[in-house]
Amino acid sequence: MQKPWGIIFGGGIPSTALILKCKEKGLTPDWIVYADTGSEHPEILSNVYQVKEWCEGWVDVTILSQQESLHDYCIRTNTLPSKVLGYALCMMKWKKNPLDRWLKDKGYFDSGTIAVSYTKDTAHLLTKPCSRGDDPHLNFWYPLLEWDMDLAECELVCKSNGFHTRSSSCFIC
């Protein structure tokens, strides 16, 4: 794995399990970052702040916020989130673009490794054109795949460590 490295935290079950397993395995990321759409389920936000507190003294968790929430944008423009229609433009605008800006600002965009929490259950998503793995500037690592973990095992890891979260998504999707 190329240094520096960090974790893109989605706030849900797999990314929470990824953080917990990394600490268990003695793997310390240089950063953990979460992009808040402003339209997250309350359980997700609660989990994000619980994980942030749990990580204190080990690694900082950065939470990126937008000036306008996804649901406020949809109301203002009288539109539905593109995810509802099978597209991922909302994910690009409220997740990927802020994460990319943060990575560039910190100097991580062209060097280092990003750990992403795909599980055995979601590995098929890596072949879709919208996957982040098609970006030539970034080096990705899929530890949950490497460790042969599925969603059920991730749930077990979370629960056994006192984390009770759900699958990450916005409340309007």
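Select W54 first: at 30% relative accessibility, this residue counts as partly exposed, a class that lies between buried (under 20% relative accessible area) and exposed (over 50%), computed with a 1.4 Å probe on protein chains only. The model is predicted, so local features need pLDDT of at least 70 and side-chain atom pairs count only at pLDDT 80 or more, whereas totals for chains, interfaces and linings use all residues. Residues are numbered from 1 along each chain as its sequence is written, and side-chain values use heavy atoms, with hydrogens and water left out.

Next, display the aromatic rings. The structure holds ten aromatic pairs, defined for rings of Phe, Tyr and Trp (its six-membered ring) with centres within 6.5 Å; planes under 30 degrees apart count as stacked, over 60 as edge-to-face and the rest as tilted. One of them is W5 with W141, edge-to-face at 5.5 Å centre to centre and 80 degrees between the planes. W5 is buried at 3% relative accessibility, and W141 is buried at 12%. W54 and F163 also form an edge-to-face pair, with 6.0 Å between centres and 85 degrees between planes. F163 is buried, with a relative accessible area of 2%.

Finally, select W5, W141 and W147 together: these residues form one aromatic cluster.
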